[in-house]
Amino acid sequence: MPMDRAGRGMDIVDENELAAMAQRLDHGYNQVDKLYYEVARACGLPECSYWMIYDIVQHGGSRPIAALCAEWGYSKQTINSALKLLSTRGLVDLVYAEGSRKNKVAQLTKEGSHFSERFIAPVLDAEVKALSTLTAAERKRLEALANKYDAALTLELTQLKEAILEETR
């Protein structure tokens, strides 16, 4: 049996079949990303601002800005601009974390809560409804496989990025 770089056994696979599957997965992810983008625009928000308020809602209405920056694939400047827009629109308040003069927290305002009930909660409901079309076993398997694929792709792309950076130095 062939081995991968980590010494694990690999199935014998057709490289063309894997490339086609990767393309189909990429297309599927892009289609879903496009739908979220369209929902964000329909709500009157840029995509990053939409994801920030989405995340704040999922965390009970308050989120440290440092956590948003650490967990999202946007630059710190982009996240801060998105939060400033939400603040300007009266949807979030940016306040210092308790006991801190440096770290800020984004908190939903009353208007932000109303906005979230109208525009974010239905998206969360749609996600739950979509998952409910799967059996419990299918949901567990989907999550496990998605996590395994994400971890493997992260490793491969990180190694590729490092090799490119090394080559271009």
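Reading the calls in a predicted model

User: Where does Ile53 sit in this model?

Analyst: Ile53 lies in helix α2. Keep in mind that this is a predicted model.

User: Why is Ile53 called buried?

Analyst: Buried means under 20% relative accessible area. Ile53 comes out at 0%, so it gets that label.

User: Which residues is Ile53 in contact with, leaving aside neighbours within four places in sequence?

Analyst: The list is Leu45, Leu86, Leu91, Leu108, Gly112, Phe115, Ser116 and Ile120. Take Ile120: it is 67 residues from Ile53 in sequence, yet their C-alpha atoms are 8.0 Å apart.

User: What about Leu86, leaving aside its neighbours within four places in sequence: what is it in contact with?

Analyst: Leu86 is in contact with Leu45, Ser49, Met52, Ile53, Leu91 and Val92. Leu86 is also among the residues with the most contacts inside the largest nonpolar core, along with Tyr50, Met52 and Leu83. That core has 25 residues.

User: Which helices supply at least two residues of this core?

Analyst: α1 (15–42), α2 (47–58), α3 (65–71), α4 (76–88) and α5 (110–132) each do. Helix α2 gives the most, with seven residues.

User: On to the strands. How do you know that β1 and β3 pair?

Analyst: Pairing needs at least two bridges between the strands. β1 (residues 62–64) and β3 (residues 104–108) have three, in the antiparallel sense, so they count as paired. For a landmark, Ser62 stands opposite Gln107 in β3.

User: And what makes β2 and β3 a pair?

Analyst: The cut-off is at least two bridges, and β2 (residues 92–96) and β3 have five, also antiparallel. Here Leu94 stands opposite Ala106 in β3.

User: How many salt bridges does a search of the whole structure find?

Analyst: Three.

User: What makes Asp55 and Arg63 a salt bridge?

Analyst: The side-chain nitrogen has to be within 4 Å of a carboxyl oxygen. For Asp55 and Arg63 the N to O distance is 2.6 Å, so the pair qualifies. Both residues are buried.

User: Why is Arg63 called buried?

Analyst: Its relative accessible area is 8%, and the limit for buried is under 20%.

User: Which residues do shared partners join into one network?

Analyst: Asp55, Arg63 and Glu71, through their salt bridges.

User: Last one: why is Leu157 called partly exposed?

Analyst: Leu157 has a relative accessible area of 48%. Buried is under 20% and exposed is over 50%, so 48% falls in between. Its place is in helix α6 (residues 136–167).

Conventions: Residues are numbered from 1 along each chain as its sequence is written. This is a predicted model: local features need pLDDT of at least 70, side-chain atom pairs count only at pLDDT 80 or more; totals for chains, interfaces and linings use all residues. Side-chain values use heavy atoms; hydrogens and water are left out. A nonpolar core is a set of buried Ala, Val, Leu, Ile, Met, Phe, Trp, Tyr and Cys residues joined through side-chain atoms within 4.5 Å. Buried means under 20% relative accessible area, exposed over 50%, partly exposed in between (1.4 Å probe, protein chains only). Helices (H or I, at least four residues) and strands (E, at least two) are DSSP runs, numbered from the N terminus. Contact means heavy atoms within 4.5 Å.
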